[in-house]
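Here is a friendly walk through one protein model. Take a moment to look at the structure below, and then read on.

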Amino acid sequence: MGGWLDLLSDLISGGTKEPKPVPKIEEKMCPVHGLELRAGRVPIEYGLLRYPDDYREASASFPYACSKVPGGCCIDYNKKYAQIRYCPECRKAEKAYWKSKHG
Ligand SMILES: [Zn+2]
């Protein structure tokens, strides 16, 4: 018993073992654009970062822009740059967002 038939029935049953049908994203892919995230280095911004009121909402369409890293209490103040992963399409979307803000 067992073997590939069991495997096949698992596949047909829709992966009942997994709670979600979508493949798990572990910061490897952008969920919005489906692109592989790229490694990058961005400056850490300390102090208060000011964003427009709708930024949070808008940023849902570019979750991995990661163009800035807000410096918080958990970040070493001697550090000027942070290693991040970003999606190039998210960057573009974020850029377009800022452009729409500032004209
Ligand atoms: Zn993206």
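Among the elements of this predicted protein, helix α1 (residues 4–12) has the lowest mean pLDDT, 69, while helix α3 (residues 88–102) has the highest, 93. Here pLDDT is the predictor's confidence in each residue, from 0 to 100. Over the protein, the mean pLDDT is 78, and 68% of the residues reach 70 or more. Where pLDDT is low, the predicted coordinates should not be read in detail.

Residues are numbered from 1 along each chain as its sequence is written. Because this is a predicted model, local features need pLDDT of at least 70 and side-chain atom pairs count only at pLDDT 80 or more, while totals for chains, interfaces and linings use all residues.

**The elements and the sheet**

The protein has three helices and three strands, and from the N terminus on they run α-β-α-β-β-α. Helices (H or I, at least four residues) and strands (E, at least two) are DSSP runs, numbered from the N terminus.

Two strands pair if DSSP finds at least two bridges between them. The table shows both pairings.

| Strands | Sense | Bridges |
|---|---|---|
| β1 (residues 38–45) and β3 (residues 81–86) | antiparallel | six bridges |
| β1 and β2 (residues 69–70) | parallel | two bridges |

Arg41 has Gln83 as its bridge partner in β3. On the β2 side, Ile44 stands opposite Val69, and the bridge partner of Glu45 is Pro70.

**The core and its contacts**

Buried residues (20 or more other C-beta atoms within 10 Å of their own, with C-beta atoms placed from the backbone) make up 8% of the 103 residues. A nonpolar core is a set of buried Ala, Val, Leu, Ile, Met, Phe, Trp, Tyr and Cys residues joined through C-beta atoms within 7 Å. The largest one has seven residues: Cys30, Phe62, Tyr64, Ala65, Tyr86, Cys87 and Cys90.

Leaving aside residues up to four places away in sequence, Phe62 touches Val32, Cys90, Ala93 and Glu94. Two residues are in contact if their C-beta atoms, placed from the backbone, lie within 7 Å.

How values were computed. Buried ≥ 20, exposed ≤ 12 C-beta atoms within 10 Å, placed from the backbone.
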